[in-house]
Amino acid sequence: MGSLLRIAPLPFVAAPRAGRLVERNILVYRRIWLVLVSGFFEPLFYLLGIGFGIGSLVGTVPGLEGQALSYAAFVAPAMMASSAMNGAIYDSTFNVFFKLNYDKVYDAVLATPLGPADVAVGEVAWALMRGSLYAVGFLSVMIALGLVSSPWAVLALPAAMLVGFTFAALGMAATSFMRTVQDFDLIFLVTLPLFLFSGTFYPLSAYPPELQLAVQLTPLYHGVDLIRGLTTGALGPGLLVDAAYLAALGLVGLAIVSRRLEKLLLK
Amino acid sequence: MTVAALRVVEHNATYYRRTWRGSVVLTFLSPVLFLAAMGLGLGGMIDRAAPGVLSGVSYAAFLAPGLLAAQAMNTGTFESTYPIMSRILWRRTYHAVLATPLSVRDLLVGELAWISLRLLMMAAAFLAVMLLFGVVRSPLVVLAVPAAVLTGLAFAACVTAFTATQTNDSGFSSLFRFVITPLFLFSGTFFPIERLPELLRPVAYLTPLYHGVSLTRGLSLGTLDPTGAAIDAAVLAAYAVGGAIAARITLGRALVK
Amino acid sequence: MTSVPTGPIDPLIQARGLTKRFPAITAVDAIDFDVAPGESFGFLGPNGAGKTSTMRMIGCVSPITAGSLRVFGLDPTADGPRIRARLGVVPQSDTLDLELTVRENLVIYGRYFDLSRGEAGRRAGELLEFVQLAERSGDKVEPLSGGMRRRLTIARALINEPDLLLLDEPTTGLDPQARHLLWERLYRLKQRGVTLVLTTHYMDEAEQLCDRLVIMDKARIVAEGSPRELIERYATREVLELRFSEADREALGTGPGADPADRVASGDDRAAPGESRHDGRGDGRLDERFAGLAERVEALPDRILLYTADGEAAAVAVHERGLLPESVLVRRSSLEDVFLRLTGRTLVD
Ligand SMILES: Nc1ncnc2c1ncn2[C@@H]1O[C@H](COP(=O)(O)OP(=O)(O)O)[C@@H](O)[C@H]1O
Ligand SMILES: [Mg+2]
């Protein structure tokens, strides 16, 4: 019963101590800042290659409100959403798995007053901080390249963080079920289709209606839709649905993590 | 290949027998997914927006052989990063191997042979997917399989040489982000390199992936010109041999101290 | 009842019927023990005895299955963070942060205990001096030797100035110099009044460091006392070790193939608790050959041990009986002998 009490209100009480874990990560990355910075270039390369390279073949896409949208302006917000997803997934899966099973970093942490909840919150917080750094960088590039057509685009930053939060929580929940490194192939099997089919490269209208419904159930679709709506200025109540859906999924993930992490760490 | 090197292949195959499931699914599935999304979904848009922009072939038919070469690059690169580093530094299996009559050269040849085998399986699977999607335009496409193996091998050899110089895995993320990803996006896989800015085109000509794509695409579409193909193959072979020689040296330095 | 603290001091750790079951195995089976403040307390036992499982329960990182456990008078299930705040833990295998430098390992760990950055830095400096790692403070952990890593782990465990230090096999795998340096540092901590709880499978370590110890075997406690007490209770003052050639061992019936039930012969019956086979049954030949030479005879696959007050005299007597061992060694008895007596097996595999 006591242990239940300790984990139940997890994400909200654990914050101050979890900050210590973030501190540790900052210290580590201060030395390998290149790794941190390099993460910013990946979506940028995609934007240039897909947005402009393929864009030169595509021309324009019918925008969400009828007006034609350059392909680069169409793809850029999707790249922002998928890079938020990929960063969060990496931090919460491979990274956590290695710390858990090989580095034993958490074993040492748990011998201090910090508990499993602090660890979970600390890692998600760190993933979010990195993600928002990239989002700021990417949005600046979009503005510089003239791919933003609405002042609402500033809200794309919190939107990208929301996408990051959702996937970090889901990713860590998944990690708590992983046994071996090979199990991570499964994560590719999920994130690759998400990346390719969530309305990232072409509008949802390219699918037959039944498929459209299926795509609309996936989290990345909502992330793309949300950020695209904000950067292109195609606002609507649908964006609130997107945000609510992402938040709900993230909380479900976090609830699973708080249950499982205790099992995983306290043997 | 020497008998000794065969032992290395055998060792890897033994390990692979226990871990193949996930990677096989990925090997088959990722071309299917890429072709479905980019070839059909995105390709549909392109074919409607700009018919004839790719000298008459559909975008899917243009893209598929490019993806084959790119997948060969990814496989060849990945197989010679973490797995090789693990055997040098983490699990230290190479040190155990070198305590037997096998030499560094056997080790290298064996590893590259193993990676070629993986590439062969991958390329064959990819070809099956291409036929399934109906994006093949010439029977010469069967030769795209060895072309893909050669492309992958060129990367595997060079990357092995790089891996053996590293003392931890932090260099890999830079390799993937600053070398492999740009190559993937800008070597003609997704769009003809004529659409790159003038300045960048000569750079693209120097990369192995450009030549791999050019070769597999020519074979799949039946537009191969013999001189161009010979140059492509020669460049790839040069990368493979040069990489292997470098790898022999760096591996030797890493293992024999 | 009176409020004046006249009675015995409250124990720092109190375990009653403490049990840890994993799905496949009971690692700790209803053990009882108390550790008093300032005491240095040891768990001695072979691999798999349940020492680490016990330590992890005390460290509040492993939920107990049954029984009760109090640490600082608190319940680990409910008060884990409060207990851990006052503990220093040296786990069996080092859990140093390989991505940080030597010094950063200490500072960040201090931050986990809510120390201010300045205070954590000051203590880190002092502790690095204490464990003789000051000149490595900016280095990565990776290239440190096993002994240095162990010392760093101990320094890390001290960053919160713990009231209780848990050390799980602190010196296993270290060379003799590193071991002695560690012992010396631990002895100093003990002098400063830090309560030490340690596990080991080295009897010399237990004799060096522990005021009191329990011997664990197969998830249970089989004996408890100070090292001297245990030796006096379960062994003799000296032990005579005899090694015979292969052929002689066959003749004595103590070769490796011999029935284990025949390996013990006892002259004197100070039976160990829970042990019923030291009843003088044994192999007739062994009894015959060594009758009257020692209080107890133990035949191991490679040697024969004679427990006696006077080893020299026994050695002479052996010769007089016409037995010609290849080598003869007289030594003081140790906890190893106690363990052998209690379980019929040697401590270190
Ligand atoms: N996490 C675990 N899961 C399952 N069994 C375990 C676990 N930890 C320890 N054990 C088992 O419990 C027994 C006692 O182990 P341990 O406490 O580590 O012994 P010691 O530290 O004395 O060597 C062993 O049989 C071991 O295999
Ligand atoms: Mg142990």
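Two strands are taken to pair if DSSP finds at least two bridges between them. On that basis, strand β3 (residues 40-44) of chain C and strand β8 (residues 212-217) of chain C form a parallel pair joined by four bridges. Within this pair, C:G42 has C:L213 of β8(C) as its bridge partner. The structure is a predicted model.

**Mixed sheet**

Strands β3 and β8 belong to an open sheet of six strands in chain C, ordered β5-β6-β7-β3-β8-β9, whose pairing is mixed. Because β5 (87-90) and β9 (220-225) of chain C each have a single partner strand, one side of each is left without a neighbour in the sheet. From one strand to the next, the twist averages 15°. Helix α8 (residues 227-234) of chain C packs on this sheet, where it touches β8 and β9 of chain C. The direction of helix α8 makes about 105° with that of β9(C).

**Antiparallel sheet**

Chain C also contains an open sheet of three strands in the order β2-β1-β4, with antiparallel pairing. Its edge strands, β2 (25-35) and β4 (66-71) of chain C, each pair on one side only. Neighbouring strands of this sheet are turned against each other by 25° on average, direction ignored. Strand β1 (residues 13-22) of chain C runs antiparallel to β2(C), and seven bridges join the two. One residue pair in this region is C:R21 with its bridge partner C:T26 in β2(C).

| Strand pair (chain C) | Sense | Bridges |
|---|---|---|
| β3 (residues 40-44) and β8 (residues 212-217) | parallel | four bridges |
| β1 (residues 13-22) and β2 | antiparallel | seven bridges |

How values were computed: Residues numbered from 1 in each chain as written. Chains lettered and ligands numbered in written order. Predicted model: local features only at pLDDT ≥ 70, side-chain atom pairs only at ≥ 80, totals over all residues. Heavy atoms only, no water. Axes fitted to C-alpha atoms, helices over the stretch in contact; angles between N-to-C directions. Contact = heavy atoms within 4.5 Å.
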